[in-house]
Every structure is written in C-alpha cells, then in structure tokens.
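Please keep the sequence and the structure in view while reading.

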Amino acid sequence: MLKAWVRQRTSVPRDVIVLGIIAFNVAVGFGVVVPVLPVFAQSFGVTNFQVAMVVSAFALMRLVTSPFCGRIADWMGERTTLAVGIFIVAISSVVAGLSTSYVMLLLSRGLGGIGSAMFSVSAMTLLLKAAPPAMRGRAAGFFQSGFLIGGMTGPAIGGLLAAISITAPFFFYAGTLAVAGTIGLLLLSKPQRSGAGTTQVAVRPMREVVADPRFQAACMSNLAQGWNNFGVRNALVPLLALMSLDRGPTQTGYAFAIAAIVQTIALAPVGKFVDQVGRKPAMIAGGILGAAVMVALPLVPSWWLFVVVLCLGGVAAAALGTAPAASVGDAAGAKSGTPVAVFSMFSDLGAIIGPLVAGFLADTVSMTAGFAVGAALLALGALVSVRMPGGVPSSPPTLATTDPSDPATGLANPEDLR
C-alpha cells in the first residue's frame, strides 16, 4: 500500500525511487568527506598542489574508467555493477580513513574514482531503462533531488564528525555507501531472462547515436555543466565572494545552500516541462540562462544580488541536469550503457579542466575572463541544441510486448503516464 502511494504521488517508476534513495545515501557521505579531505591531506605535510592532486584523483580516475563501464555493465548487469561500484568506493573510504601516508590516501581516492564511475554509469543506465520517454525528465529530476538533498545534508554532519576525529567522516561515508549498495542489490528490479513475454529493446549502433543531434547537444551541455557547476563554481565563486564582496567561506556556504535549495525545488517543474514541452527548449533556455549567470557573477555589486544570481544558476543547472540526460535516453534507447559512459565523461572532463583554465585566466587576465569562458561553453551548448528535433519522442521500438505491471518496466498502470 505504501509503495503504491509513493509511486502515485511521485509519478515515477519504482526503480527510479530506489535510485533516488541510493543517490541520497551516496551524496550524504560524499558531502561529509568533502570539507575534511583537504585538511586530512595537508596533515601529511604536503604542498597545496599535492592536496589538490588528492581532490582531483577521484575525478581523474572516473574519467579514465568511464569508457569501460558500459561494457562492464553489459557483462555484469547494471544492478550488480552499481552495487560493486558503490562497495569499491566504500572500501576506498575505509582505506582513506586508515591512511598513514600521503601516497596511501592518494591511491585510495583514485580507487574510489573507479567505483564512482561504475556506479554513475550503471545508475543512469538503469534510470533511462526504468523510465519511459514521456517520464525521463521527471525521473532525472527525482534522481538529482536525491543527490542535492544529500549534498546539502552531508557537510553539516561532516562538521560534527570532524570535531570527534578528522578521519571519522571517512568511516561514516563508508557506512552510507554500504547502505546504498545493499539497497541497490535488494530493491532494484532483477534483470529478466530472455523468453516469452520479455521486452527486447532494439539496440541502436553507437555510430548512429554519436551522429544524433540530440546526443551531440547533450554531451556539449554536459561538458559546459561540468566545467561550470562542478568546476568554476567551486573554484572561483568562493574567491570572488571574498575579494569582491568581502564575504568569507561561511557566508559563501550559506549562499551555495540557498542556491541548492532553489535548484532542488526547480527540479520537479523543470522535469515536467522537459517531459511535456520538450528537451530542446529546456536545453536552450538552460544554456542561455546559465551563460547570463556566469557573465553576471563577477559584476554584481551587492551580496544579496550575488545570492539571487546564484539561485538563477540553480534553475539553469536544474534544466541542464534533466534535459540532456533525457536526450541521451532518447538518442540511445534503454540499452544505453556505452552512450551514458561517453556522456558522463564530458562532465568529468569539464570538472577537471574547467577550474584549471578558469584559475589560470583569473591569475593572468582577470576574474571576469575566467567566468567568460564558462559562459561561452554554456552558450555553445544552447546553440548546438538548436539542431535538435522538437517535441517529446514516443516509446522506442521493441521486439516483443511486456507486462506493464512488471516493476522492471516501471509502471503499475498506463494512467501513471499522465
């Protein structure tokens, strides 16, 4: 009864709800570790560059591993790959907490990046497989909500744990990951064996997916999103607040939290817009609004206007977090492991290169120049999205029909598509 009520209220498939819960647990733990990781690395007496290497090792190994994750998921199955990836990150977090040297900490973070790539690619593949085309925007929004809410909760818990021990957050992270992996194994739908009554979705060749304007626009938008939202935003915005507005890390953290709340609230209506109006207008509007935000940030004259602009950036991030993911599903179909891996790589690439380029430009040219490159990428993403077909696609072709009440296909009844 409770499951039926939750599904009716959320209007998303059961597996999407499970994935959202998993995302929350993963993000809470990650948020707990983020504030203490640089401090713990610095305790080994290393340079600031070496501290940055510990932070970057995670994203770098995600990028290196992602190309293989599609094949790993095809071999092991998405559900098993997701759980194994999460447990690898959990083990790496325990090793990090037990680290007695800088090298041990660095290697543990790299191992965590491998597991993270396995989790991310398989989770997104499962998400696109569970949600029909008319629901992909809302499904992606629900999944992102889990990450955002967990990400807002984690740092507060991390501060309390750090007061006990600088390594306590790493063991807490491992615990939340163990919970997430167990949930995935127990609650996600088991893959069906081929046979009578089983849906066999037509697999689209990768060369056709790459040539699809929807996939191209999604990858470009994801590069811009990784560059700005995960890179420049974290690297330059705190410095901008300090130098231009005389606001310290605590107040900047409050501003980020407010923007994250706005983004979380925006995900539901944005996801509905993506499903009912289309991916194309959402990606164009998100790219233009995001570019305007990046141009405006270094120019705002007051703190409260700064917060408002960050909130508008949250709305743009909501659009660019849902519509491109749905577009990948539209272009590749439910069997989308390798396309999802490539799509994920663009975000990781932007998150790694973006802060370096922006920081270099801020040092050698100006802070405004650092933000301008990010704005140009967002605008380019919007421009590439113009080539996409409009509207919302219908269900992909299948080779056999399936029972609509099956949780693997996601829906209790056809009315859930409304």
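A cavity is a set of points, on a 1 Å grid over the protein atoms alone, where a 1.4 Å probe fits but cannot get out; its lining residues have an atom within 4 Å of a point. Grid points are joined across faces, edges and corners, and a volume is the space filled by probe spheres set on the points.

The model is predicted: local features need pLDDT of at least 70, side-chain atom pairs count only at pLDDT 80 or more, and totals for chains, interfaces and linings use all residues. Residues are numbered from 1 along each chain as its sequence is written, and side-chain values use heavy atoms, with hydrogens and water left out.

**The chain as a whole**

- The secondary structure comprises 15 helices and zero strands. Helices (H or I, at least four residues) and strands (E, at least two) are DSSP runs, numbered from the N terminus.
- The chain has 418 residues, of which 51% count as buried. Buried means under 20% relative accessible area, exposed over 50%, and partly exposed in between (1.4 Å probe, protein chains only).
- Among the contacts in the chain with a separation of 6 or more, 86% are between residues 24 or more positions apart. A contact means heavy atoms within 4.5 Å.

- The largest cavity holds about 210 Å³ of space. Of its 20 lining residues, N229, R233, V293, M294 and G313 are the closest to its centre.
- Helix 10 (213–245), helix 11 (249–276), helix 12 (279–296) and helix 13 (303–332) each supply at least two residues of the lining of the largest cavity. Helix 13 gives the largest share, with seven residues.
- By class, the lining of the largest cavity contains 12 nonpolar residues, seven polar and one charged. Here Ala, Val, Leu, Ile, Met, Phe, Trp, Tyr, Cys and Pro count as nonpolar, Asp, Glu, Lys and Arg as charged, and the others, Gly among them, as polar.
- The second largest cavity holds about 40 Å³, and its lining consists of S92, S93, A96, S108, R109, F170 and Y173. Helix 5 (78–97), helix 6 and helix 8 (168–187) each give two or more residues to this lining.
- Helix 5 provides the largest share of the lining of the second largest cavity, three residues. This lining has three nonpolar, three polar and one charged residues.

**Nonpolar cores**

- A nonpolar core is a set of buried Ala, Val, Leu, Ile, Met, Phe, Trp, Tyr and Cys residues joined through side-chain atoms within 4.5 Å.
- The largest nonpolar core has 56 residues, and L19, I22, L82, I86 and L127 touch the most other members. Helix 6 (residues 102–130) gives the most to this core, with 12 residues.
- Beyond its neighbours within four places in sequence, L127 is in contact with V16, L19, A139, A140 and F143.

**Aromatic pairs**

- The whole structure contains seven aromatic pairs. Rings of Phe, Tyr and Trp (its six-membered ring) pair if their centres lie within 6.5 Å; planes under 30 degrees apart count as stacked, over 60 as edge-to-face and the rest as tilted.
- The ring centres of F30 and F58 are 5.9 Å apart and their planes stand at 45°, so the pair is tilted. The pair links distant parts of the chain, with F30 in helix 2 and F58 in helix 4 (residues 48–76), 28 residues apart.
- F30 is partly exposed, at 34% relative accessible area, whereas F58 is buried, at 10%.
- Ring pairs join F30, F58 and Y173 into a cluster.

**Individual residues within helices**

- N25 lies in helix 2 (residues 14–33) and is buried, with a relative accessible area of 14%. Not counting residues up to four places away in sequence, N25 touches T176, V179, A180 and I183.
- G175 belongs to helix 8 and is partly exposed, at 33% relative accessibility. The C-alpha atoms of G175 and A90 are separated by 7.3 Å, although these residues are 85 residues apart along the chain.
- G287 is in helix 12 and counts as buried, at 1% relative accessibility. Leaving aside neighbours within four places in sequence, G287 is in contact with L320, L378, A379 and A382.
- G287 and A375 are 88 residues apart along the chain, and their C-alpha atoms are separated by 8.6 Å.

Methods:
1 Å grid on protein atoms, 1.4 Å probe; cavity = no way out; pocket = protein on both sides within 12 Å on 5 of 7 lines; lining within 4 Å.
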